[in-house]
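Hi everyone, thanks for making time.

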Amino acid sequence: MVDVLELKATIPPLEFYRTELPGMPAPKRDHGWISGGLCPFHDDRHATNFRINADSGAFKCFACGVKGSDVIAFVQRRHAVAFPEAVRMLADAWGHRL
């Protein structure tokens, strides 16, 4: 079984979001809260609504209110899966053994 803390520690949040959100604007810095571009959870038209935390992987949309504390929560929400499935998906995508 994958250690969840170890899995999260090996996935750089900024790299994860660049993969998940190809339309994300280039960040002006590589730490703290930065723009994630258009929110993937609703029909967004304002790129400033969706923010991600490049340190923790947390995310929040100030328009629709969706939020989460890390990349696992993002995968759960984006793919409508439970926690164990989100962990498995991340482990597979980032080369970890279950």
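When I say contact, I mean heavy atoms within 4.5 Å. With that in mind, what does Ile52 touch, leaving aside its neighbours within four places in sequence? Ile52 is in contact with Leu14, Tyr17, Met24, Gly32, Trp33, Ile34, Gly36, Ala58 and Phe59.

A quick word on where this comes from. It's a predicted model, where local features need pLDDT of at least 70 and side-chain atom pairs count only at pLDDT 80 or more, while totals for chains, interfaces and linings use all residues. Residues are numbered from 1 along each chain as its sequence is written, and side-chain values use heavy atoms, with hydrogens and water left out.

Okay, the core. A nonpolar core here is a set of buried Ala, Val, Leu, Ile, Met, Phe, Trp, Tyr and Cys residues joined through side-chain atoms within 4.5 Å. Buried means under 20% relative accessible area, with exposed over 50% and partly exposed in between, using a 1.4 Å probe and protein chains only. The largest such core has 24 residues, and Phe16, Tyr17, Phe50, Ile52, Phe59, Phe74 and Leu90 touch the most other members. At least two residues each come from α2 (13–20), β2 (50–53), β3 (59–61), α3 (71–79) and α4 (83–93). Those labels are DSSP runs numbered from the N terminus: helices are H or I with at least four residues, strands are E with at least two. Which one gives the most to this core? That's α3, with 5 residues.

Now the rings. Rings of Phe, Tyr and Trp (its six-membered ring) pair if their centres lie within 6.5 Å; planes under 30 degrees apart are stacked, over 60 edge-to-face, and the rest tilted. There are 8 aromatic pairs in the structure. Take Phe16 and Phe74: their ring centres are 5.7 Å apart and the planes sit at 90 degrees, so that's edge-to-face. Since Phe16 is in helix α2 and Phe74 in helix α3, the pair ties together parts 58 residues apart in sequence. Phe16 is buried at 2% relative accessible area, and Phe74 is buried at 0%. Tyr17 also pairs edge-to-face with Phe74, with centres 5.1 Å apart and planes at 85 degrees. Ring pairs link Phe16, Tyr17, Phe41, Phe50, Phe59 and Phe74 into a cluster.

Last stop, α2. Pro13, Leu14, Phe16, Tyr17 and Glu20 are buried there.
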